[in-house]
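Some notes on the packing, the sheet and the chain contacts follow. Please read them beside the model.

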Amino acid sequence: MVMKAIYSGLKHLVKSRMTVKYPDQKLKMAERFKGRHILDIPTCIHCRACFRICPPKAITMVFLRKNEQEIITPQKRVEETPKSTQTDETPEKKNKKREEVFPQISYERCVFCGFCVDVCPTNCLNMSHEYELSVYRKDDLVYTPEQLSEIPSEDEGRFTIAFTKRGVTHAD
Amino acid sequence: MNIVNNIENVLNNIQIVELRQLLLFVFGVLRSELFFKIIFFPGIFTILITVSELIWLERKFLAKMQLRVGPQYAGRIGGILQPIADFVKLLFKEAIIPEKADKKFFQIVPILLVVLATTTLTVIPISETAVISNLDVSLLFTFAILAIFPILTLLAGWASNSKYPFLGGIRALFQQVSYEVPLWFSTLGVVLLAESLNFVSIVKAQSSFWYILLLPLGALTFIVSMIAELERIPFDVPEAESEIVMGWMTEYSGMNFGLIMLSLYTKLYFASAMFTALFLGGWLGPSILSPSFWFLTKTLIVALIIIMLRGVLPRVRLSDLLNIGWRRLLIFSLISIVWAVMVKLFLLGVF
Amino acid sequence: MSPLYFSVGPQHSGSGHLRMKIELQGDIILNAEPDPGFVHRGTEKIAETREYQQNVPMIERQCLPDVSSVSLAYAMAIEELLGIEIPPRAQFIRIIMCELSRIMSHLYWLSIMGIFLGHSTMFMWPFGDRDIFIDIAEKITGSRVSYTYIVPGGIRYDLPDKIKEQTIKTLDYFQGRLKEYDAIFLSNPIFERRTKGVGVLSQTDAINLGVTGPTLRGSGVRGDIRKGIPYSSYDQLDLEIPVFTEGDSYARSMVRFKEMEISSSIIRHALDNLPDGDFAVKTRKKVPEGEALSRVEAARGELACYIMSDGTSKPYRLKMSTPSFRNLPGFSLMKGSMLADMPTIYWSLDYWPPDADR
Amino acid sequence: MNEAKLIDELRDKFGESVGITELMGQNEIIVTVEKEKVVEIAQFLKDTYALNYVISVSGVDYPEENKFLVVYHVSSMSENGHLPLVLALKVSVDRQNPSTPSLISIWRSAEWHERETWELFGIEFNGHPKLERLLLHDEWEEENPNNQFPLRKDFLLED
């Protein structure tokens, strides 16, 4: 009868809560979690493998910017990259020295599938645990190689799922 | 008391006659005991406070049952001021009035709903003395007021002039009309035992036995049909989100919606208050605590039961709703009247 | 009285991205016609411009609550074209991932079914409990919702080490939760009153209309690809198929509810005797010419992925015949039922708009 | 349920109208059929081999050979579940005025699939009760009057 439902409902008054109070409690991400990319600039050999494999074409190859101060908007970034790097055919001739181009990832399009990390021969491109990428201006979503090389701060979340007697909760 | 005296003689020597009389009259009203009752104790102020705390209680209680947190930040201690924050927010929200809506009625309905919901509370005795208007037909008075609500909900549905509210309004009409009949029959048993329609004397008559012990069936039908009257979850048909969005409240926004919510929860407070007065012996309780405290705790417990049902039961179909209303509840209430007569003759004859 | 036309629109709180044109007479529905297409993204057209492996993240987004079955169907079709054999360990891990996403998809269905019938607690519990399964998937695949974990040629990484204990603990806790769902919702007299005898689909109609999945099994047809045509070593697992014969919304709901128990026992069984060995096979970029059809039992029903390749590294034609699209005829059950039954029938088909629109 | 017997029976019953037939891996048959005879063949398959459950209907565009291919994937479903046989019935249709008899009368479950193929390819299924806009939005015709059918090869994507 309805009693069974009422009893089951009341039983839950003593069970522990499931919610993670996000801003103050943050979940600890799995070791393999695919967050924002980290680019190790020296080891990159500009082979454009990540550029070719990226399904949503979120990666464009750009030169490192000589002078740091000047803030470049994406349009500017796009023209700045030489014409050849945008087409997706392989670099022209092996013997000609490859242009030092590095991946610039636009997080408007990136789906975090991690194909670029798998395909990178010198695995200079890996993924950190940072997932808080929201910005006020759309242009800031485009991360230049320099921005990608900064290692995100390690204020890792510490809360994981804990099976207690009073049900599941998120504990430190 | 000297403040009162010197205000009085200040008023007395005002030269302009009319002004003096007016101020004296206003001062008289301010000091009168009835004014205190209306504005403060059982009146507007307590109603607003208890109603907003009922809203908070419902959200927090359901949250705990659903393993989540509920309101938390407003007022720091567990979101206690969340309802007030909501009303202030709704004050600034734009009250959109649909262009094809019947403007006059569209705006009158929320105001009328709140007014009617609070007038019903004037007759409920919180304690022996604290009742605003001690009509000797107070139960009849609540009958009359409660009968107006279906008309208002239909008017709201009709005035919004759009499909969902229209359907919701019609359904609300079916439901509330068909549930008022078992509601009044179940109170007849109480009237029979207490031999009076006045709440105060009903409560007094329960000094020996609470009527819930004598008329359990009557109490049950009262609660069930009261939930249907309030359009709460098991009988939530007029406001069924998945079918007709918000029923007759769909087109209301901003403070109109706020007023309607206020009136809904005032009706919840009124329903549980009426149940305690009729069946749980209003303010009667061991005298170590003040009578109004007893009344409020009993009302709170009844309100908690009604709220708990919201977390536990799904919504009933319209056809079953009417079946339960007309077939089962009506019979139960008739049985409870016969039961009351039997109790009256045999049991009370003995005492 | 002239019938009232109104549309339970795409932004209606009761339908998700789908419009239902409803013709109402009083409280009885005269005619209910679904109008899908609000989230049509043309995956089949875009798939023709991308290489085989690049399509995996896009194809998964077709049915997000049940991601692994979609990518498994796509991967199996390509493996059939390439003619390669997947190592047994990869097949078992693929089963685990599919059954995990089946449980998550059924939990998602159960909570929406709760809120459609006005039971707010039933909306919160399954969503909360779904989080412990998302945590397992995150540990295995690295992402919480769209895993891109099953790719043509096997799976991308091996299982992390401590995953078995956590899964067993989660599944034990989950058994208790299933009892709670049953107590508060499924054996609730009002739920039974609202779903029994509502939207009855007879057995012959079910086969003629071509519906699939729990909608089919609710009408007395034992149609389950995992049993009928075992793929990816499902035949090595003991598997019983819940079948109800009433064919009403209650039967379809109970099929899904029973399937959650069965899926958790499959995961336990697969975890116990998990063969070791490598977990992926090298695949070539250029797929030989030909065509292949792969059929997988997704949470909502049978998903058929038909690929025609012309020898290049891009598919010539990709056709995903998704379960929700094939359950569209089920909407004709709403004729003659009451308006209050519309959400019950609609959600007992477990219709997922992006899954149907592709 | 041996597949070879089915192919021979089809051959001798319908003779020349049954084109090339292949036997694919595990119990899957591909039969290409002419437009005129497709209704009878479908009826024959449904009656004798209980192929009553359409899995999918997909159109394939061959611009060079100037033809469309409508592929009916049919399998058989009985009270106790799937039978492993899957038959791909292929009907080739001229590209200029593509039209083929609809098989709704035989396989009721093909209705929505045919409607979608009509919308995305422009292949007329005569006899279909309700060839109306399904997935694309209502103003699709006005927006691109000349190439209306997205899944055709000549409908190019900008990206």
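1. Helix H5 (residues 120–141) and helix H6 (residues 163–186) of chain C pack with their axes 11 Å apart, at an angle of about 170 degrees. Axes are lines fitted to C-alpha atoms, for helices over the stretch in contact, and angles run from 0 to 180 degrees between N-to-C directions. H5(C) and H6(C) are therefore roughly antiparallel. Angles over 145 degrees count as roughly antiparallel, under 35 as roughly parallel, 65 to 115 as roughly perpendicular and the rest as oblique. Helices (H or I, at least four residues) and strands (E, at least two) are DSSP runs, numbered from the N terminus.

2. On the H5(C) side, the contact residues include C:Trp125, C:Ile132, C:Phe133 and C:Ile136. H6(C) brings, among them, C:Phe174, C:Arg177, C:Tyr181 and C:Ile184. Contact means C-beta atoms, placed from the backbone, within 7 Å. The residues of this contact divide into twelve nonpolar, four polar and four charged. Ala, Val, Leu, Ile, Met, Phe, Trp, Tyr, Cys and Pro count as nonpolar, Asp, Glu, Lys and Arg as charged, and the others, Gly among them, as polar.

3. The model is predicted: local features need pLDDT of at least 70, side-chain atom pairs count only at pLDDT 80 or more, and totals for chains, interfaces and linings use all residues. Residues are numbered from 1 along each chain as its sequence is written, while chains are lettered from A and ligands numbered from 1 in the order in which they are written.

4. Chain C has 14 helices and eight strands. Its radius of gyration is 20 Å, close to the 21 Å of the globule rule for 358 residues, so chain C is as compact as a globular protein of that length. The radius is taken over C-alpha atoms; the rule is 2.2 Å times the number of residues to the power 0.38. Along the principal axes, the C-alpha atoms of chain C fill a box of roughly 65 × 45 × 35 Å.

5. Chain D puts 27 residues in contact with 33 residues of chain C. Strands E3 (53–62), E4 (67–78) and E5 (81–94) of chain D each supply at least two residues of that side. E3(D) gives the most, with six residues. By class, the chain D side has 14 nonpolar, ten polar and three charged residues.

6. Chain D holds an open sheet of five strands, order E1-E2-E5-E4-E3, with mixed pairing. Strands pair if DSSP finds at least two bridges between them. E1 (18–24) and E3 of chain D are the edge strands. The twist averages 15 degrees from one strand to the next. E2 (residues 28–33) of chain D runs parallel to E5(D), joined by six bridges. D:Val31 has D:Leu89 in E5(D) as its bridge partner.

7. Two helices of chain D pack on this sheet. Helix H2 (residues 38–49) touches E2, E4 and E5 of chain D, its direction making about 175 degrees with that of E5(D). Helix H3 (residues 111–121) touches E3 and E4 of chain D, at about 15 degrees to the direction of E3(D).

8. In chain B, the axes of helix H4 (residues 44–65) and helix H14 (residues 291–312) come within 10 Å and cross at roughly 45 degrees. H4(B) and H14(B) are therefore oblique to each other. B:Leu54, B:Phe61 and B:Met65 are among the H4(B) residues that meet H14(B).

9. Between chains B and A, the contact takes nine residues from chain B and eleven residues from chain A. H14(B) gives the most to the chain B side, with three residues.
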